[in-house]
Amino acid sequence: TSIDMEAQELLQTTVDTELEDYNTRNNNGSYALQASAVTIDNTTGLVTAIVGGRSQDDVSADYNRAYLSFRQPGSSIKPLIVYTPALERGYTPDSIVNDEKTEGGPSNANKSYAGKITLRQAVESSKNTVAWSLFEELTPKVGISYLRNMNFSHLENQDEQMAASLGGFTRGVSALEMASGYAALENSGKYREPTCIVKITDADGNDIYVSDQEETVVYKENAARMMTDMLVSVVQEGTGKGLAISEMPCAGKT
């Protein structure tokens with residue numbers, strides 16, 4: 001497999017440490033508050049670490065939430081179904097958009113509205129109003145089609161509605177699917193099916209199966225690169241400020 005045991009241990013420790021203050025338990029003894037996490041190598045597109053829950057010596061860990069549990073992605077979905085598609089259709093990071101409350105539209109998290117701002121600023125501040133209006137312009141059907149092209153497995157027809165622009169889905173998405181979507185952005189818009197299986201051999205060492213990482217173009221290269229650049233701003237100046245990984249290029253979305 002492509003699993004890096006050092007990275008796996010680090011990712012597991014990180015999940016455990018971040019949630020160590022939350023000790024409420026379910027009836028079966030498992031922690032009530034859980035998390036999952038996935039690391040994909042941007043060079044190969046292969047999964048190098050996958051954590052399905054918190055460490056518990058007294059509870060069986062046979063349920064891996066990273067690919068079996070589907071949850072609402074919230075604002076982290078915006079780059080995949082709103083902003084990158086908008087960049088494909090003539091918008092740029094410097095395009096002027098209007099941050100204002102509209103009838104039937106959402107509020108921003110801080111209940112404040114900045115008026116005319118750049119698209120980059122809207123992404124940095126995770127403006128719900130702008131994501132909603134761009135998604136309406138794009139149409140939910142088109143926006144959701146990008147997730148279908150990346151094999152998001154639990155999409156429903158009723159997900160093709162406006163709430164999806166803010167991460168509201170019927171069943172949701174997995175951490176593995178979200179990691180693969182962001183990996184596609186970094187990979188100049190080319191999606192690779194996430195897997196950790198490199199090859200399978202028989203008892204004599206003969207290859208039974210060898211993984212073939214095919215690439216599918218989901219986003220236009222220029223749009224993916226502009227999106228990635230805006231996501232750098234998120235962790236430098238925006239809602240993710242202070243969360244960048246040190247000593248390496250970093251982009252992200254809250």
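This is a predicted model: local features need pLDDT of at least 70, side-chain atom pairs count only at pLDDT 80 or more; totals for chains, interfaces and linings use all residues.
Q: Why are H3 and H5 called roughly perpendicular to each other?
A: The axes of helix H3 (residues 78–88) and helix H5 (residues 128–138) cross at roughly 65°. Angles of 65 to 115 degrees count as roughly perpendicular, and H3 and H5 are therefore placed in that class. Their axes come within 9 Å, and the crossing of H3 and H5 is left-handed.

Q: How do you know that H3 meets H5, and which residues are involved?
A: Contact means heavy atoms within 4.5 Å. On the H3 side, Lys-78, Ile-81, Val-82, Tyr-83, Pro-85 and Ala-86 take part, and they meet Asn-128, Val-130, Ala-131, Leu-134, Phe-135 and Leu-138 of H5. By class, this contact of H3 with H5 comprises 10 nonpolar, 1 polar and 1 charged residues.

Q: What makes H3 roughly parallel to H7?
A: H3 and H7 pack at an angle of about 30°, and their axes are 10 Å apart. Angles under 35 degrees count as roughly parallel, which makes H3 roughly parallel to H7. From H3, the residues in contact are Pro-79, Leu-80 and Thr-84, and from H7 they are Met-178, Gly-181, Tyr-182 and Leu-185. The contact of H3 with H7 has 5 nonpolar and 2 polar residues, with no charged residues.

Q: Why are H3 and H6 described as roughly perpendicular to each other?
A: H3 and helix H6 (residues 140–149) pack at an angle of about 105°, with axes 9 Å apart. The range for roughly perpendicular is 65 to 115 degrees, and H3 and H6 are therefore assigned to it. Leu-80, Ile-81, Pro-85 and Glu-88 of H3 make the contact with Gly-143, Ile-144, Tyr-146 and Leu-147 of H6. The residues of this contact divide into 6 nonpolar, 1 polar and 1 charged.

Q: What makes up the lining of the largest pocket, and what volume of space lies in the pocket?
A: The largest pocket holds about 1,900 Å³ of space. Lining residues have an atom within 4 Å of a point of the pocket, and 43 residues line the largest pocket; Val-38, Tyr-182, Ala-251, Gly-252 and Lys-253 are the closest to its centre. Helix H1 (5–18), strand E1 (37–40), helix H7 (175–186) and helix H8 (221–236) each supply at least two residues of this lining. The largest share, 7 residues, comes from H7.

Q: What lines the second largest pocket, and how do its residues divide by class?
A: About 310 Å³ of space lies in the second largest pocket. Its lining has 16 residues, with Arg-54, Ser-60, Ala-61, Tyr-63 and Arg-65 nearest its centre. The classes are 3 nonpolar, 10 polar and 3 charged residues.

Q: What makes a space a cavity, and how many of 30 Å³ or more are found in the whole structure?
A: In a cavity, a 1.4 Å probe fits but cannot get out, whereas a pocket is an open set. A search of the whole structure finds 1 cavity of 30 Å³ or more. The largest cavity has a volume of about 40 Å³.

Q: Which residues line the largest cavity, and which element supplies the largest share?
A: Ile-40, Gly-45, Ser-180, Ala-183, Ala-184 and Arg-192 line the largest cavity. The largest share of this lining, 3 residues, comes from H7. By class, the lining of the largest cavity divides into 3 nonpolar, 2 polar and 1 charged.

Definitions and conventions: Residues are numbered from 1 along each chain as its sequence is written. Side-chain values use heavy atoms; hydrogens and water are left out. On a 1 Å grid over the protein atoms alone, a cavity is a set of points where a 1.4 Å probe fits but cannot get out, and a pocket is an open set with protein on both sides within 12 Å along at least five of seven lines; lining residues have an atom within 4 Å of a point. Grid points are joined across faces, edges and corners, and a volume is the space filled by probe spheres set on the points. Helices (H or I, at least four residues) and strands (E, at least two) are DSSP runs, numbered from the N terminus. Ala, Val, Leu, Ile, Met, Phe, Trp, Tyr, Cys and Pro count as nonpolar, Asp, Glu, Lys and Arg as charged, and the others, Gly among them, as polar. Axes are lines fitted to C-alpha atoms, for helices over the stretch in contact, and angles run from 0 to 180 degrees between N-to-C directions. Angles under 35 degrees count as roughly parallel, over 145 as roughly antiparallel, 65 to 115 as roughly perpendicular and the rest as oblique. A crossing is left-handed if the near helix is turned anticlockwise from the far one by less than a right angle, and right-handed if clockwise.
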